[in-house]
Structures are given as structure tokens and as C-alpha cells.
Amino acid sequence: MKTSQEIRQSFLDFFTSKQHRIVPSAPMVIKDDPTLMFTNAGMNQFKNIILGNDPIVYPRIADSQKCLRVSGKHNDLEEVGHDTYHHTMFEMLGNWSFGNYFKKEAIEWAWEYLTDVLGLDKQRLYVTVFEGSPAEGLERDQEAADYWEKLIDPQRIINGNRKDNFWEMGDTGPCGPCSEIHIDIRPDSERAKIDGLTLVNQSHPQVIEIWNLVFMQYNRKVDNSLVPLPAKVIDTGMGFERLCMAIQGKLSNYDTDVFQPIIHEIASLCHIPYGKQEKTDIAMRVVADHIRTIAFAITDGQLPSNVKAGYVIRRILRRAVRYGYTFLNQRQPFMHSLVTSLVRTMGDAYPELKIQKTLIEKVIKEEEESFLRTLETGIRLLDKVMTDTKTAGHAMISGHDAFTLYDTYGFPLDLTELILKEHGLSLDLTAFQAEMQQQKERARNAAAVETGDWVIVREGETEFVGYDSTESEVRILRYREIKQKNSQFFQIVLDHTPFYAEMGGQVGDNGWLKNDNEKIIIVDTKRENNLAVHLATQLPDDPSALFIAKVDVEKRQASENNHTATHLLHEALRQILGTHVEQKGSFVSPDALRFDFSHYQKLNEEELQRVENLVNKKIRENRHLNEFRHLPIAQAREMGAMALFGEKYGDDVRVIQFGSSIELCGGTHVKATGEIGYFKILTESSVAAGIRRIEAVTAEGADLFVRNQQELIKTVREKLHHAPNILQGLQKLIDDHALLTKQIEQYRQEKIEQLQKELMQQSTLLGDIRIVSWKGEAHPDVVRTVVTRLKTAFSDEKLAVVTGTQYDGKPTLTVLLSQSLVDAGFNASNIVRQAAVAIDGRGGGQPFLATAGGKNSDGLVQAIDQVKQALRNG
């Protein structure tokens with residue numbers, strides 16, 4: 001029986017024999033595509049080639065791509081663990097042709113690999129072809145059907161509808177018919193009872209699709225029309241985990257050697273056997289699936305957070321923790337302990353897991369600890385909701401309360417339902433879903449974007465000239481209208497552009513398009529499908545005219561200062577803290593820089609100062625830029641260039657060198673480090689377990705910081721009456737303050753002693769109750785201390801102390817009762833609440849001590865009398 005590693009390698013070897021270029025998996029987390037957060041299909045990394053925005057370097061390609069499907073159109077999250085074949089993170093084996101071979105070769109090679117190389121039983125395989133769509137003028141994919149009939153019994157070829165057998169990249173863009181290969185892995189006894197033909201695409205867990213061959217031959221326009229693609233594309237995707245299930249003779253993906261080592265580790269940690277109980281089996285499958293997703297996301301540089309992709313990863317992690325908490329009795333962090341097993345299983349195919357193992361473990365453990373605290377908080381809040389619901393005589397908690405727990409505190413809905421059931425309560429699920437729908441509508445409306453079709457002004461491709469120039473003569477290639485949140489923008493693509501499009505943490509340039517007739521402001525430059533897209537609030541009157549594109553040089557220079565400073569900072573951190581330091585994210589704008597890096601403890605002041613000093617030393621050395629464009633990546637690595645995990649690099653890369661600082665980078669930089677002027681660290685903080693963040697400024701930003709500090713020092717000096725030595729002046733101020741504080745405390749103690757003696761002398765008896773009452777001026781804290789001392793002084797008697805005091809113009813009523821009076825049924829809180837009306841106030845407290853504040857000092861005498869009356873009435 002082939003292992004999963006052997007199966008993966010056999011696929012790559014097969015397509016190598018068919019003259020395909022084998023390329024590495026792209027990162028699972030996508031950083032420079034605003035339309036996608038995660039790679040959800042094997043074709044994502046080739047989208048720019050398919051759209052014609054990138055040149056075709058290799059017409060035939062194959063790979064094994066790590067993918068994630070948890071949101072949007074492709075959302076498998078809720079099925080994960082409950083069935084045998086859905087996953088969040090999965091591997092997609094695929095082969096592509098860009099304007100090279102088409103349906104014939106794709107079909108023949110797929111059949112050859114499955115039946116000849118892997119030896120799958122042909123009698124267990126079925127294929128589908130697109131049946132056509134008369135409404136769109138599309139006929140049956142007879143071409144694909146004819147090729148299949150040469151390989152398989154025509155009775156095993158099934159017509160598929162538009163939903164299953166017409167693939168589209170999105171609402172617009174490349175699309176075309178597809179042909180799926182399904183396999184029936186049921187036991188022979190089951191196959192004899194029901195023909196597998198009737199179970200294809202019927203969600204049967206053992207009659208499943210394993211390979212989809214997409215024949216991209218159309219481009220869908222905004223008006224829904226279809227036009228032929230100039231270069232046809234083959235895009236195939238085969239689920240690796242499903243293939244392993246078929247080859248290894250299993251009935252579940254989770255029973256293959258892809259998952260079993262992890263599941264065995266979970267069972268061992270939890271002391272619960274796998275395969276004995278459905279609920280615990282589901283929980284183990286959820287955890288086994290999710291630990292892969294979380295680990296790979298972290299290696300790609302995506303940490304759990306509360307926004308965008310980070311929120312999705314946090315949600316997946318918390319789903320796994322919650323299953324462990326609810327069904328596997330895991331009240332302490334445990335998922336981080338599974339990373340070792342995962343590395344053993346997948347570390348050879350994906351070495352980044354081995355290299356970043358410690359970081360993965362630390363991040364996951366910290367997230368587990370945080371969410372377990374959230375669960376405890378949620379349970380306390382739910383307890384209160386349940387108590388209030390029962391007190392009100394109801395058996396159902398409101399959907400609003402459940403949604404608040406879910407939305408505000410991150411408390412899972414199914415855990416809420418489980419706890420309610422244990423307490424004989426139910427949930428207004430309809431109201432909960434209504435709240436959820438309203439939230440989705442708000443989010444959808446906020447993010448809704450209307451995008452028009454591209455208007456082609458002239459054919460051509462964009463050439464970026466911004467490394468060498470900030471001004472260029474340009475023509476518009478295409479433009480389109482964008483509407484979002486009632487605002488209108490235009491995206492403009494130029495034939496040449498000096499504008500840097502946002503990428504790699506560096507913000508995009510802004511500036512102008514101008515000629516003798518008009519001036520168009522470029523407010524930002526984004527990168528979309530590898531196109532530099534210029535955002536403007538208006539279009540030129542004549543888009544076909546010649547323009548001068550001019551970058552805002554001042555802002556570009558500031559961004560370059562900050563970007564180069566991140567390179568110098570990276571090197572300085574590695575030199576001072578150690579080579580374990582690796583960049584985990586950055587943000588570079590004209591105003592400041594932010595740099596995230598791996599390190600397991602807070603930097604102390606000495607370390608920060610050493611880092612800052614070293615960066616400034618490199619700046620003063622005026623290191624000149626050595627730029628290497630289109631350098632083979634192997635040669636770049638030989639130079640010692642730093643590559644970042646989670647970034648996708650091509651065969652040729654750009655290397656930026658400032659002395660001993662050598663990095664792969666596509667951003668813009670200064671010509672020499674001396675241009676930066678000065679580097680100043682503002683803050684150092686924690687982003688996540690094992691990840692630190694430094695925020696800093698350079699050049700004018702650093703000058704402004706220094707000026708502000710000088711102004712602050714000047715202001716402090718003035719407050720100290722222009723003391724010649726600020727430190728001595730501050731120390732004198734501190735000493736004087738300490739002396740005055742001591743004197744005030746002495747006076748306060750004297751006041752307490754004096755007031756206590758005065759009140760003890762004024763005590764009277766009301767029956768068997770000793771009453772101490774007083775009206776005067778005193779700080780509330782003094783009064784509280786005095787009445788507490790009186791309780792001790794008259795510890796053998798039934799004592800009631802009532803004071804009406806005024807301080808800073810505000811009246812306060814205080815009532816203290818001895819424990820014997822409380823035991824007799826008196827309640828200071830209730831008494832104060834009633835008497836507070838006389839001072840236009842409100843109050844409360846405990847049965848033995850309560851206070852009330854008010855607005856009417858003239859009512860203090862009446863309030864004291866009301867307290868005495870309450871004591872008389874018993």
C-alpha cells in the first residue's frame with residue numbers, strides 16, 4: 001500500500017514525465033490580492049497568468065498546493081469532522097496548461113495516472129460532462145464526452161448541470177465546462193444493491209469526486225455574456241486526502257496515514273479511544289483537521305487576530321478548542337502538544353513546519369489559554385442569564401442574549417445550547433438567527449463593491465518604471481468604474497507607471513496624471529491580480545490622450561526611508577538578539593514603520609537602545625544600495641539573501657543589499673542609507689506568543705519626535721520655575737509632594753481621632769439601641785473610617801451610627817449597624833435608600849454599612865431623623 005508521501009510524489013513524477021514544470025506550493029495565506037484572503041484552489045497562484053496579466057513562462061505546470069476553504073463561496077467549515085471527507089486545510093494536486101494542450105491530453109493523462117499508475121479499478125470510476133445550458137446558448141460538451149467514450153463505458157458518463165459542471169472564477173472572468181472523475185469506494189456488497197451511477201453528486205460519503213478537469217475557454221463579462229478566451233487553459237484539481245483514501249482502501253480520509261498519527265496522539269492525550277463513540281470521534285477529527293490549518297497559517301505569517309484572515313484562523317482554532325473542551329474534557333491547553341506529531345507527518349513535504357515548530361507551539365498555546373478564559377467568562381454570564389430567565393418564569397432565553405454571548409464574548413452557540421439543555425432551558429433560535437442575519441447584512445452593505453467592465457483604450461501591458469524614475473510619459477490602457485459605500489472611484493491602468501502599487505507591506509504611491517488640459521489626482525495605487533491599478537476620483541476628459549504621470553516625491557522619499565530602515569532594523573535585531581529573529585510582518589508608510597519579528601521575550605531598555613544605536617550607525621555609514629534585478633533565486637540564496645516564510649517567490653527575484661543587509665524585496669528604497677537621517681524607536685510590544693513588534697520613525701518623523709520631546713522638556717522646565725537642572729527640580733518636587741502627603745495623612749489621622757472622640761461622647765440610647773448621630777463637614781473616607789472604629793469601640797452593644805456630612809458642597813448620608821441589629825432584621829442599605837430622598841440622592845450598600853450621595857445639603861437633618869425613625873419602628 002502506497003503511503004501518502006509516495007502518492008504525492010508519484011503525481012509529481014507522472015507529470016514531470018509529461019514535460020510539466022513542477023512548482024512549489026504558494027502560501028496558503030494570500031497577502032497581495034484584495035479579492036482573496038486564502039488560497040482556496042490550486043489555480044489561485046496562476047490567476048494572473050490566466051487573466052493575461054503575467055507572461056506565460058512555463059506552458060505546462062504541476063504542483064501540490066495547500067488550500068483553505070472556510071469562508072465565502074467555498075465554505076466547508078461546518079461539515080468538517082462530521083463527515084469523512086471535508087476539510088478546512090487540504091492539498092490540491094493539479095496540472096495546468098496555458099495555451100498548450102487542452103481537453104484530449106487532460107482527459108487521457110488523468111485516466112492514465114489513475115488507472116495505470118495508481119491501479120484504481122476502472123469499474124469503480126464515473127465521469128461527468130457539462131450537459132449544456134440553452135438559456136446561455138451553451139451546448140453539451142460533446143468534445144469531452146467523445147474523448148471519454150474512448151476510455152470508459154459510455155454508460156458511466158453522466159451529464160452534469162451548470163452548478164456541478166461549469167466552473168467560474170467569480171461573477172466575471174475566465175470560466176468554462178468541467179469534467180469530474182468520481183470513485184465508488186463502497187464495499188462490493190453495497191455496490192451490488194445500489195448502482196453507483198445513481199449516487200454520483202448525491203453527497204454520498206463513499207461515492208465522491210476525486211478529480212475535476214476544468215476547461216477554461218470563455219470570459220464572462222459584467223453583462224453576463226460569454227466571449228472566447230484567446231488562450232485556452234487547462235486547470236485540474238484533485239483532492240489529495242480523498243485520493244489517499246481511495247488508494248489506501250479506507251472509507252474515510254481521517255483513516256489514512258495523513259490523519260491517523262495525529263488522531264492517535266489526540267486519543268492518547270485525552271485518554272479516550274478513537275472509534276468508540278460518535279461525539280468524541282467527531283471532536284478528534286475536528287481537532288486533527290484544524291491543527292493542520294492553524295500551523296500552516298502561522299508558518300505563512302498569519303497569526304490569529306480579530307481582523308480579516310487573522311480572525312478566520314482564530315475562529316478555526318477556537319472551534320477546535322471548544323470541541324476539545326466540550327467533548328474531550330480538555331480544560332487546559334492541549335492542541336499545542338499536537339504540533340510534534342504534525343511535523344512528523346508533514347514536515348518532510350513542508351519543511352517550514354520543522355523550522356518554525358517552536359513558534360507554532362507558542363502561538364497556539366497562548367491562543368488556547370486566552371479562549372479557555374473566554375469560555376469561563378461566557379459560562380458565568382450564561383449562568384446569570386439562565387437565573388434571570390428562570391426567575392421571570394420563562395423556559396427560553398432570548399436570541400438577543402445568546403447573540404450577545406456569541407458576538408461580544410465569542411461564546412459558541414452550540415455550547416450555549418448544550419448548557420441550556422442540561423438546565424432544562426431552550427433558546428429562541430429564530431431570534432438569534434435574525435440577529436445574525438442583521439449583522440451579516442450590515443457587513444455585506446459595508447463591503448459591497450460594484451465593479452464595472454474594463455473599458456479598453458488600447459492594448460498593451462504595464463511596465464513599472466518606478467525603481468528608476470518618479471515621472472514618466474504614459475498612456476491609459478484601460479479603466480473601469482468602482483462604487484463602494486456611495487462613493488465613486490475609477491481604476492486606471494497605464495502602459496508605463498512610476499507609481500509603486502501597494503505590496504509587501506509598503507503602501508502605494510499617490511500623485512498626479514497631468515497634461516496641458518487637465519490634472520487628475522491619483523489618490524492611491526493598489527495591486528490587483530498583479531496589475532498596478534491607479535485609483536482616481538475622476539476620469540480624464542480624453543482617456544486616449546498623452547499624460548505625464550508624476551509621483552508625490554516627498555511621500556515616496558518618506559516611504560523609502562522607512563522601508564530601508566526596516567531592512568537595517570531586521571539585520572540589527574539578528575545581530576543583537578540572535579539569528580532566530582525572522583521578519584513576521586511589516587507596514588511601511590510615509591509617516592512611520594512597523595516591524596513584527598519572532599522573539600520570545602520583551603526587549604529591555606538596554607537591548608532597544610543597542611538596536612537603535614546600531615541602526616543609526618548603519619545610517620551614518622551611508623551604505624549604498626546594491627540592487628540586483630531578475631536574479632535567479634538560487635543565486636540570491638547563495639548571496640545570503642533573507643527570504644520570508646509565507647511569501648511567494650518566482651524563479652527570478654530582486655535582491656536589495658545595503659552592506660551586509662541582503663534581502664529579497666520588491667519595494668522602493670533609498671540610494672544610500674545616509675538619506676534616512678535618523679532612526680528612532682517609539683514602542684516595543686507583543687503581537688502574539690513569540691512575536692514582538694517595533695514601531696519607529698525616521699527622517700522628518702524622527703526630527704518631529706525629537707522636537708516634541710524638546711518642547712516637553714521646555715514645558716517641564718517652565719513648570720519647575722526654570723530650574724537649571726530638571727532632574728534635581730523634579731526630585732525636589734517629588735520630595736516635597738511626599739512630605740506634604742505625609743503631613744496630610746497625619747492631619748487626617750488627627751481628624752479621625754478627634755471626630756471619634758466627639759462622636760463617642762454624643763451617643764444616646766434608643767431603647768436598647770445605642771445611636772451615634774452627627775452632622776458636620778468631613779471627607780467621606782474619614783467618616784467611613786470613624787464609623788468602622790465606633791463599631792469596634794461599642795462591640796458589645798446594639799449600635800447604629802448615622803452621619804450627615806458635607807464635603808466640597810456635596811452631601812453624604814452614612815449608616816452603620818452592628819451585626820446584632822442586622823441579625824434582628826435591620827438593613828442599612830434599605831434604610832439609606834429610603835432616607836436618601838431627603839437629600840435628592842440615591843444610595844445603597846451592604847446590610848451593615850451603606851451610604852448615599854445627593855444634591856440637597858439642606859435635607860441632611862431630615863435624612864438623619866428618618867434613619868432614627870426607621871430604627872424606632874423596628
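View A. Cys67 is buried, at 0% relative accessible area (buried: under 20% relative accessible area; exposed: over 50%; partly exposed in between; 1.4 Å probe, protein chains only). The model is predicted: local features need pLDDT of at least 70, side-chain atom pairs count only at pLDDT 80 or more, and totals for chains, interfaces and linings use all residues. Residues are numbered from 1 along each chain as its sequence is written, and side-chain values use heavy atoms, leaving out hydrogens and water. The disulfide count is zero (a disulfide being a pair of cysteine sulfur atoms within 2.5 Å).

**View B. The salt bridge between Arg220 and Glu168.** The N to O distance is 2.6 Å (salt bridge: a side-chain nitrogen of Lys or Arg within 4 Å of a carboxyl oxygen of Asp or Glu). Arg220 belongs to strand E10 and Glu168 to strand E8 (residues 166-168), so the pair ties together parts 52 residues apart in sequence. Helices (H or I, at least four residues) and strands (E, at least two) are DSSP runs, numbered from the N terminus. Arg220 is buried at 3% relative accessibility. Glu168 is buried at 13%.

**View C. The salt bridge between Glu684 and Lys602.** The closest N and O atoms are 3.4 Å apart. Glu684 sits in strand E29 (residues 679-688); Lys602 sits in the loop between strand E25 (593-598) and helix H18 (605-620). The partners are 82 residues apart in sequence. Glu684 is buried, with 10% relative accessible area. Lys602 is exposed, at 54%.

**View D. The buried side of helix H4 (residues 142-149).** Ala144, Ala145, Tyr147 and Trp148 are the buried residues of H4. They cover an arc of only 160° around the axis, which puts them on the same side of H4 (the arc is that of the directions from the helix axis to the C-beta atoms). Their cover includes helix H3 (103-117) and strands E6 (125-130), E7 (157-160), E9 (173-184) and E10 (207-220).

**View E. A salt-bridge network.** Arg124, Asp184, Arg186, Asp188 and Arg191 are linked by salt bridges. The structure holds 47 salt bridges.

Key:
Contact = heavy atoms within 4.5 Å.
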